[in-house]
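Open the model in your viewer and keep the selection panel at hand.

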Amino acid sequence: MKRLSHFVCFAVAIALLGAATAIAQTTFGTMLNELVDRDRLAMSSYSGQTYDLLQASSHDRNSTSLGAPANFANGDASKFWGTEVVDGQTEYIMLSDTGPGAIARWWMTGSSATDGEIRVYVDGAATPVLAGPMRTLLGENNNFGAELSFKSRVYASSPNSCGINLYAPIPYSQSVKVTYRGSLASSPPVYYNINYRKYDSGATVQSYSAGDPTSYSAQRNAANAALATPTVTGNVNLQHTDANVNLATGQNLTYSLGNAGAIRQLQVKVAGADQAAALRDTYLELTFDGQRTARVPLGHFFGNGDGSAAKPYNTFEDFYRTVAADGTMTARWVMPYQSSSQVRLVNEGSQNVNVALLKVDSGSWAWNADSMHFHANFREEKNIKTRAASGTADFRSLTVRGRGAYVGDTLSVRNGSSGWWGEGDEKVYVDYLDANGSGGNARPVHFGTGSEDYYGYAWCHTNTFVDKAFIAQPIGAGNNTANGRTVNSRVRGLDAIPFDESFKFDMEMWHWNETQVDYGAATYWYGAPGAVALRTAADLGANYRTGHDFALAGLPDTAGDGQWLYLSSSKADLSSPGTTTALLVFGGVGNAGHQGYGGGQNGHNLAAISDQYLFSDGGNNLGVQGAAGYHELALHPAGTVASGAFAGSAAMPFAVARWIAGESSAGLANINGSVRNLINNSDGIDFYIYVDGALRFSAAAGPTLPETYFDFDAAIFGGSIVDFVLGNNGSGNLFGDESMLRAIILVPDTKLLPDVLTATWKGGATSAPTSWSLTENWIPGTVVPDGAGIKVVFGDQDAAGNVVNIDSANRTVGSLVFHAGTGTTIQSAGGFSLTLDNNGNASTIDVAGSHAIDAPVIIENDTLISGPGALTISDSITGSHSLAVLGALTAESIQVNALYIGSAGASQAVPECSTLVLLGMAAIGLLAYSRRRPERILGRIPRPRN
């Protein structure tokens, strides 16, 4: 679903949310207005229109998205989606779509001899509405204006050897087809990326016509002017300025705002003895409505990236940001909030920093269900060892759970050699998990043709371009200089990427040389309240630059996230890996003569492969065969060498990469990665993932193990065990030379949300009820949960029948999340109540498993019950707001035994503005209601049918 609409207002109603609203027509003119309207990025629809953003590109069709070597296929030239003959000439199809929709952003490149004709057909017309060479049609089109049609560089001798960009929209009501007409045999390669909107079927779109630039000349001229000279927009009625504030290490400068509104411009200038370090070590933190949504180094937040002592500032200006030569950095993202916001600068470096300027311009904002918060995240990795002329790995910039829209990023790269670093393609995954948290769309929705192409230029040129509205390269020295730096930015307008449930952004690390590089990515997105970015808690691959003796201990748990252990076993009981495995001892399993690792002739049972060395096994064998840049769980044979293969019975039927979660990883975690057999596809391998002893994923391959991809969500608590098991399926030959596993575990970024307490009850003794007031049952360091905005996560890990008593005080929380499969009951032994009040926002009850609330429930804000489980509320429900039940529930029932929604006092009738809303239920049972006894409304909601 695209969004939830407002709760409707009836005395007692059963309804579906999302009543029809007036939808404005989309035209060339309205899209130009939208392009320069920053407010609309913070809204989940614009003029009633919603859309998916897709991409057609010339990426190598052999590419996979699963981590196999073919994942990094790089033959991106002149790949099309079909051909057709028109007037006796062959036309190569770059995009074909049925409407309604609109082309939102278009990039191409070729070389000096690429002279074919680009053609755009709309609504099935035989004559193209646009036609011409790529350079003049897309990059030098005066009909659109210089800010909408441009090239990232100009070479007189090779006019097509540049990034050619078109940001003028091309809407269509029924269909669009984009073709290239030319001789590929004589012409050099064609590369292209086309982002296009696919509107909901009910959208009304006026198709582009040749006269649109003239008919909508006012909108065209206004858009070009706004993009050429970006300024703060909207209603600014409050300006706050701090100046000349000194921050010692650990100190912060904070400015807070109350009531509904929107920050419309931020300006910051800091100074330190080491200016580049001041920009890197001073963090900007943003908090909106109690949720911290940004914590990013200043230089990266404003698009400056990493600087150097000689050149700390990489000056540029785009539509949303400016880095000026005097060091003043400006952000013009619109940042709305419902009740409060906070801007904070924190000095996390070792030197004193002077805040020469912190200026916040804010104004009014009419917050509604369409409004979203602004988010920014940052992730970096240093000294990544790259493979020569091949992809190394996918660099994950961002993973999100929740609804929102992706609006841009800045990538800062330090290149370790003079070779080109940026052949890697972007891979954008949208709503790739289903409602149950299981892997859905394993292939990316956007698959690009190279990092430079994503950022709007081409041919790895070092030229700076610093005055374009949506792309920038303020420094490009790293494109061909050892230890040089490159900063690339792409921010989005009409090509913002909406998502409903989940989002992730990967960029391939693909270098022509074997060297070491640094990647640091700042990402920008908007999210509905509750949407959250995930951080890496465990990465089987994160430490591939450093060796560890896994035979002695797991990786150190320096951040409280957890640690890896590597286990081997001579038993084949996969149903209980935790009881049948032991720590791996190198050289101690199998034939003692097979201590070395020599390219498939001798081998270990299990090894952790590093690009630097294999861990010492007693034979001092430090050489390694494997993909440089990887550190993965690898299985190796342990039998007798026979004809170049390993035959005979195995001494080790399976091996385990075990992750033991730390306390900071508690919550709903995402587990994803891939497993593959690199050498002998005829070997039989089984693959399993267990979470706390429960099998969550399996891939019994039979005679072969093709690339296996996994991606799912699971409840993780401190001490939880995740076992990744590679095993022999019983065939004579074991694992060939190498079978490798890569895995990453992501958890909600609670470090970005210190103002929202998440308390997790982990279960206690089953012999007696557990009191809510016993703090030892919660995450260490937290208090008894009480207060608006607090999320309480119940994670029962022991026997069924656990009871939590509210027996010391009335409790107030923002949301309840039940992850226990065996059942938990919240009851009140002393008559105390449980209030759902999320500080003016909707509260939630998220159910997995079968649970009960046997205590008075007070609803102070609209409350949504959702999940795959069953919930019984057996005491009275009071309050002045509505209760909604989401149709995704698949349990037997939600039993509501007593319902009273209204102002206090059982003698009063149910007021007219109270609601019981059932979303998407296929069958609704008896709902009895008596105005004579408004405190008793009996109802049973049966299981929904598909």
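Select cysteine 460 first: at 27% relative accessibility it counts as partly exposed, because that class lies between buried (under 20% relative accessible area) and exposed (over 50%), with a 1.4 Å probe and protein chains only. This is a predicted model, where local features need pLDDT of at least 70, side-chain atom pairs count only at pLDDT 80 or more, and totals for chains, interfaces and linings use all residues. Residues are numbered from 1 along each chain as its sequence is written, and side-chain values use heavy atoms, with hydrogens and water left out.

Next, select cysteine 162, which is buried at a relative accessible area of 1%. The structure holds zero disulfides, a disulfide being a pair of cysteine sulfur atoms within 2.5 Å.

Move on to the open sheet of four strands, ordered 52-55-58-61 with parallel pairing. Strands are DSSP runs of E with at least two residues, helices runs of H or I with at least four, numbered from the N terminus; two strands pair if DSSP finds at least two bridges between them. Strand 52 (811-813) and strand 61 (877-879) are at the edges with a single partner strand each, so one side of each has no neighbour in the sheet.

Now select strand 58 (residues 857-859), which pairs with strand 61 in the parallel sense over three bridges. Isoleucine 858 has threonine 878 in strand 61 as its bridge partner.

Finally, show the whole protein chain: eight helices and 66 strands. Of its 946 residues, 59% are buried.
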